[in-house]
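Open the structure in your viewer and keep the selection tool at hand. The tour below goes from one selection to the next and says what is found at each stop.

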Amino acid sequence: MTDTIDLLLIADSVLTPDVLASASGRSPERTAIAVRDGIIVGVASEADAHTQGWPTAAAEVLDVGDATVSAGFVDAHIHPIMGLQLTRGLDLSGITEREAVRSTIAAYVAERPADEDWILAWGLDPAAFGGREFGNDLLTGVDGGRKLFITLFDGHSALASAAAIEAAGVRGDEVFSDASALGLDADGRPNGMLYEFSAQDLVLSHVPELTFDDRVQQLADLLGGMAATGIVAGQMLDLMAADSFDLLEELERRQDLPIRLRISPSVFPGFTREDLERHLRFQELAGRRWYVRGVKLMIDGTIDNGTAWLFEPDTKGESTQSIWLDPAEYREAVRFFHEHGIPTTTHAIGDKGIAFVAETLSALPESDVQHRIEHIETLPDEVLDEIIASGAAASMQPTHCTLYTRADHTDNWSQRLGDERADRAWRTRDLRDRGAILTLGSDWPIAPYDPRGVVAAAQLRRPAGREEVEPVRPDQSLSARAAVEGYTSEYWRSVGEPGGRIEPGLPADLTVWALNPLTTDPDAFAESPVLLTVVGGQPSVSPASTVDAG
């Protein structure tokens, strides 16, 4: 043990690897964690820590009493900078009835100033179309002839009012470098639906942006909010905003980021060799609490929008192709990064898309680069086998299942797939039991980032606090241990790096919970206070009333 300690953290229960594996899920005695230079340098019982003189050697001692300390929670999939744009304006999340959506939009439009050029909303559930064709007739009589841009809840499509379509000059015959598309009416005219990012950008590029200073402050508030829920780090899977690095550098000029950010920039169809080389150069960029590592790709879109890639068409005859016009180009990109030692993670939602990614990874030369697949929403047995054979990690979002689908298949996602494929929903338990690395996250802003709700949903297969809701495929529920590891050690395994365990030599990124996530009812844990987060040995969120500074 070193002669000096920067921080000594003492708690009734500390979730070391031994405790996680134990039947009780609790430390047998109060435990101390010693930290120096941002690294855990010792873990011992409180009695042994006193015997070895740790308290007197510590610059700071924090006793959190009967709380539980876990390795710091990491959200494997977030979009914090892109999300600042997506979450502007009216929040329509959770409203599914057509007339309720229409009246909510009408009231919001009526209260906006007449000189407000664009009106924005987000979180629109496809159920709001009431089974009708997607299009801006949903807005007829409620948009006031104004320019509206409404992002659907999955972020992969948007609805633009007729005035917005006209202002952006969208014709309907635009050609994209990927499988993005425009919704058209019977006469071939744009009906307001914009499928995937290239199509959305036709209109979004005309929407005034927030000021740079406003975005810096909003990013600080967002990351601070994440830290307050127990998150110490997140993997940002995009680089959509051209000034992302400028925002991060300015925020770090003003303060420390409340959480660490691992940034994996997106690679899109139609790339050039220079694009790939630029992504290699990105890997050299870092700040104090952010760094670039890996890349993110997308093989398909989403089931709700008919842009996923399925073996058989969905019930509307859609979701039949990759977002890559030439899927072989995707394989070229993955192989390029693999050969340069760069891990990839790929958005794959439809069964054929998932299979294509797994097959691509299986064909790569053997190496220690850990690749990952995001989402994995509908999974037949034979494709699950291919994932296991490929060695790919799985990154999944339990609340996508529990918030947006229903056990009786009356939701848009299930109806698009049909019963057989909907019954293969989010097979988290099967993947974990088969030995796949399984990390968890939120995909914020697509779903709330609070990990307590995600951990509960992973175990309950329904929303936390909603006992009246029938669970979706409860046989796929995770144990409390698997859910906690999904935010800690399994995350770090999914990126091929050490971390996510409370043991000497690993980073001192820690979360302190009022209730033990291993032994507390999941509904109760979802409401459990977060007492402290520690990033690199430094308290990031520390409500003074809950922590005794000894």
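Pick T31 and look across to β4, where S45 is its bridge partner. Then go to the turn of this hairpin, where two residues lie between β3 and β4. D37 is in that turn, and its phi is positive, about 55°.

Next, colour the chain by pLDDT. The mean for the protein chain is 95, and 98% of its residues reach 70 or more. Now select residues 544–550, where the pLDDT is below 50. In the model this stretch has twelve contacts beyond near neighbours in sequence. Where pLDDT is low, predicted coordinates should not be read in detail.

Move on to the open sheet. Show β7, β14, β15 and β16, which are its four strands in that order, with parallel pairing. Which strands stand at the edges? They are β7 (73–78) and β16 (290–292); each has a single partner strand, so one side of each has no neighbour in the sheet. From one strand to the next, the twist averages 15°.

Stay with β7 and keep β14, residues 231–236, in view: four bridges pair these two strands in the parallel sense. Select V74 to find A233 of β14 opposite.

For a helix, select residues 196–204, which make up α7. Its buried residues include E196, A199, Q200 and V203. Turn the view to look down the axis of α7: the buried residues fall within an arc of 100°, so they line one face of the helix.

The last stops are in the interior. In soluble globular proteins, nonpolar side chains tend to be buried together. The largest nonpolar core here has 67 residues, and I376 and L431 are those with the most contacts inside it. Select residues 351–362 to show helix α12, which gives this core its largest share, six residues.

Now centre on I376. What is I376 in contact with, leaving aside its neighbours within four places in sequence? The residues are A348, I354, I387, A394, M396, W426 and L431. Another core, of 28 residues, lies apart from the largest one.

How values were computed. Residues are numbered from 1 along each chain as its sequence is written. This is a predicted model: local features need pLDDT of at least 70, side-chain atom pairs count only at pLDDT 80 or more; totals for chains, interfaces and linings use all residues. Side-chain values use heavy atoms; hydrogens and water are left out. Two strands pair if DSSP finds at least two bridges between them. A nonpolar core is a set of buried Ala, Val, Leu, Ile, Met, Phe, Trp, Tyr and Cys residues joined through side-chain atoms within 4.5 Å. Buried means under 20% relative accessible area, exposed over 50%, partly exposed in between (1.4 Å probe, protein chains only). Contact means heavy atoms within 4.5 Å. pLDDT is the predictor's confidence in each residue, from 0 to 100. Axes are lines fitted to C-alpha atoms, for helices over the stretch in contact, and angles run from 0 to 180 degrees between N-to-C directions. The arc is that of the directions from the helix axis to the C-beta atoms.
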